[in-house]
Amino acid sequence: MSADPPHSAESQQRSVTRHTSRSSATSAVEVRRSTRRSRTVSAYREGDRTIVLIPARMSEAEERRWVTVMLDKLAAQESKRTLGDAELAERAERLSEQYFDGRARPTSVRWVTNQNTRWGSCTPAEGSIRLSHRLQGMPEYVIDYVLVHELAHLLVPGHGPRFWRLLEAYPRTERARGYLEGVVAADRLPQLPAAREE
């Protein structure tokens with residue numbers, strides 16, 4: 001995933017775009033097109049920006065798709081590496097401030113390994129939020145969505161219209177739900193038989 005910065009001879013074109021990063025702040029993404037690359041795409045962090053290296057022949061639509069893919073992969077790697085219970089609680093606090101004006105105040109936020117049929121759960125009376133360990137390693141916007149979902153339950157216990165109106169504040173709700181639905185669907189697919197060994 002990460003790569004050494006390319007030599008100047010390799011980079012023909014550069015474009016800088018803005019993208020919503022894992023911390024929900026806007027960070028720069030620099031796309032570098034190279035004539036020396038034929039198929040590979042790679043990305044790495046450089047200070048407060050992300051560099052994405054792509055083949056020069058890619059269309060703008062392919063570039064947009066690959067930037068999204070590579071940002072998600074980097075975010076998933078970083079999430080798997082760094083998010084412990086303490087970071088999860090800090091993240092929930094930031095998300096509450098950002099989307100609910102700090103009104104959702106959990107007393108505890110932690111990973112659990114006994115939730116295999118749901119992504120997260122909340123006990124409003126206790127103020128506790130639990131996230132399934134299966135989310136670890138997923139893109140951070142997905143983890144953020146589950147956190148925002150459970151934070152919203154501290155304000156509205158059920159799944160009525162008022163609850164879903166609260167979730168409209170999180171801009172990547174539909175994308176995160178689609179990602180999780182894809183994971184569930186993939187888990188239900190029949191496994192291909194192993195190839196026979198000659």
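Q: At what angle do the axes of helix α3 and helix α5 cross?
A: In this predicted model, local features need pLDDT of at least 70 and side-chain atom pairs pLDDT 80 or more, whereas totals for chains, interfaces and linings use all residues. Helix α3 covers residues 140-155 and helix α5 residues 173-188, helices being DSSP runs (H or I, at least four residues) and strands likewise (E, at least two), numbered from the N terminus. With axes fitted to C-alpha atoms over the stretch in contact, and angles running from 0 to 180 degrees between N-to-C directions, the two axes come within 9 Å and cross at roughly 105°.

Q: How are α3 and α5 oriented to each other?
A: Angles of 65 to 115 degrees count as roughly perpendicular, under 35 as roughly parallel, over 145 as roughly antiparallel and the rest as oblique. The axes cross at roughly 105°. The two helices, α3 and α5, are therefore roughly perpendicular.

Q: Which residues in α5 do Y141, V142, Y145 and V146 in α3 meet?
A: Contact means heavy atoms within 4.5 Å. The α3 residues Y141, V142, Y145 and V146 meet, in α5, T173, R175, A176, R177, Y179 and L180.

Q: How far apart in sequence are the parts that R49 and E30 tie together?
A: Residues are numbered from 1 along each chain as written, and side-chain values use heavy atoms, leaving out hydrogens and water. R49 forms a salt bridge (a side-chain nitrogen of Lys or Arg within 4 Å of a carboxyl oxygen of Asp or Glu) with E30, the closest N and O atoms being 2.6 Å apart. Because R49 lies in strand β4 (residues 49-55) and E30 in strand β2 (residues 26-34), the pair ties together parts whose separation in sequence is 19 residues.

Q: How many salt bridges does the structure hold?
A: The pair of R49 and E30 forms a salt bridge. The number of salt bridges in the structure is six.
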